[in-house]
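Student: I am new to this structure. Please take me through one part of it closely, and then show me what lies around it and beyond it.

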Amino acid sequence: MSKIISINHSQKSHEKFFIISWNLGNICNYKCSYCPELLHAGDVSFPNKVLIISTLKYLKNQIPKDRKLYVEFTGGEVTLHPEFKAVISALNTLDIKVGIITNGSKPESFWKDIAPKLNHACISYHHEFAREAHFSKVINILSEHTTTHVNIMAPKEGVEGAIKFLTNLSLNNENITIELQPIILHEIETSRELDTYKDDDLRRLRDFKTPKINSTKDPFTTRGDMLVTHEDKSTKQYSAAQIITNKLNVFKGFNCFIGLETLIIDYRGYVFRGKCNVGGPLGHITKRPLTIPTTPIVCNRNHCHCNFDLTVTKEMSEN
Ligand code: SF4
Ligand code: SF4
């Protein structure tokens, strides 16, 4: 196969977003056995509402005028932030698009208030702590108002149960996307090693086809498949996961547009271009100036590992 020379967004509308993924802190009400301790240790407090809003306003002023700012809050469990509803309402008034990644554990009344204010929600089912009935109700509330993606974690001791629950949800819902998520060990260290599943379960996971779910609304998306262009000018569309499984995720020496299309804020408040941390920290949310880069960075990693980083433009450098 001829060499890759670039990867670009396959959907033009995705070029019009600047995405900030902000890990608000490591406070969580669950302690999932497969979750790295540092994501739920609870030893870093949430930044307050004033700091969150002032930081996002400051960064929004720096992004190119033709891009919309989309911020996705992750954790920990972001809905435990005591001012979370007020943060979301303020972002709505500033015309900043907003999404969350959540375990969905808050009561139904919370979700009824917040769902209309979200542009996207990614909700994950963690079998050790979540309850199926509550989770199903939260999905109903979210999907009525916002684009909703559901992850069903498939732990090694419950693959069959996870598939059964996912199938039930897909039969009883519209306007959601849903995915079975095998447990990846040590993802935080950028390894992609699967948990130690029994052979039967591994086969079940590999053979599982996600049921098609009826969709009556246009989904809000900021990222999607990437268009891979080869030296011989041939092109092919891949999802981030397919880029990894086809072993195309090698961009050492490429100009990478992390920092021009994305920023990451970690749970301690440090700001990076991408999840790979290439280029090192750009600064901290409590310190000014905090300047968004204006030129791409040359990749120095052997592999590009995570879906977030993979859905960013990359071009082979001229040198
Ligand atoms: S809900 Fe998420 S952050 Fe909390 S312990 Fe589970 S995997 Fe970790
Ligand atoms: S590892 Fe980082 S710098 Fe390298 S291609 Fe991926 S996102 Fe870009």
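Tutor: Start with G76, which is found in the loop between β3 and α3. Bear in mind that this is a predicted model. What kind of peptide bond joins G75 and G76? The bond is cis, and its omega is about 20°. Both glycines also belong to the residues around ligand 1. The others there include C28, Y30, K31, C32 and C35.

β3 covers residues 68-74, and six of its seven residues are buried. Strand β2, residues 17-23, pairs with β3 in the parallel sense. Seven bridges link β2 and β3. Within this pairing, S21 stands opposite E72 of β3. Strand β4, residues 97-102, also runs parallel to β3, and four bridges join them. There, V71 has V98 of β4 as its bridge partner. Follow the chain from β3 through helix α3, residues 84-93, to β4. These three elements make a right-handed β-α-β unit.

Stay with V71 for a moment. Leaving aside residues up to four places away in sequence, V71 touches I20, W22, L56, L91, I96 and V98. V71 is also among the residues with the most contacts inside the largest nonpolar core, along with I20, I139 and I152. That core has 51 residues. A second, separate core has 16 residues, including I258, L260, C276 and L310. In soluble globular proteins, nonpolar side chains tend to be buried together.

I258 and C276 lead us to another ligand, for both are among the residues that surround ligand 2. Also in that shell are F251, C256, G274, V278 and C299. R301, C304, D309, V312 and K314 are part of the shell too. Its classes are eight nonpolar, one polar and three charged residues.

Next comes S317, in the segment after β17, which spans 314-316. Is S317 buried, exposed or partly exposed? S317 is partly exposed, because 13 other C-beta atoms lie within 10 Å. Not counting residues up to four places away in sequence, S317 touches G253, F254, N255 and V298. S317 and H40 are 277 residues apart in sequence. In space they are 39 Å apart, C-alpha to C-alpha.

A few backbone details remain. The peptide bond from R288 to P289 is cis as well, with omega near 0°. P289 sits in the loop between β15 (283-284) and β16 (297-298). Two other loop residues have a positive phi without being glycine. For N175, phi is near 55°. N175 lies in the loop between α6 (159-172) and β7 (176-182). N175 counts as partly exposed because it has 19 C-beta neighbours inside 10 Å. For K233, phi is about 75°. K233 is in the loop between β10 (226-230) and β11 (235-238). K233 counts as exposed because it has 8 C-beta neighbours inside 10 Å.

Key:
Residues numbered from 1 in each chain as written. Chains lettered and ligands numbered in written order. Predicted model: local features only at pLDDT ≥ 70, side-chain atom pairs only at ≥ 80, totals over all residues. Near = placed C-beta within 6 Å. Core = buried A, V, L, I, M, F, W, Y, C linked by C-beta atoms within 7 Å. Buried ≥ 20, exposed ≤ 12 C-beta atoms within 10 Å, placed from the backbone. Contact = placed C-beta atoms within 7 Å. Nonpolar A, V, L, I, M, F, W, Y, C, P; charged D, E, K, R; others polar. Pairing = 2+ DSSP bridges. Right-handed = clockwise from strand over helix to strand, strands pointing away.
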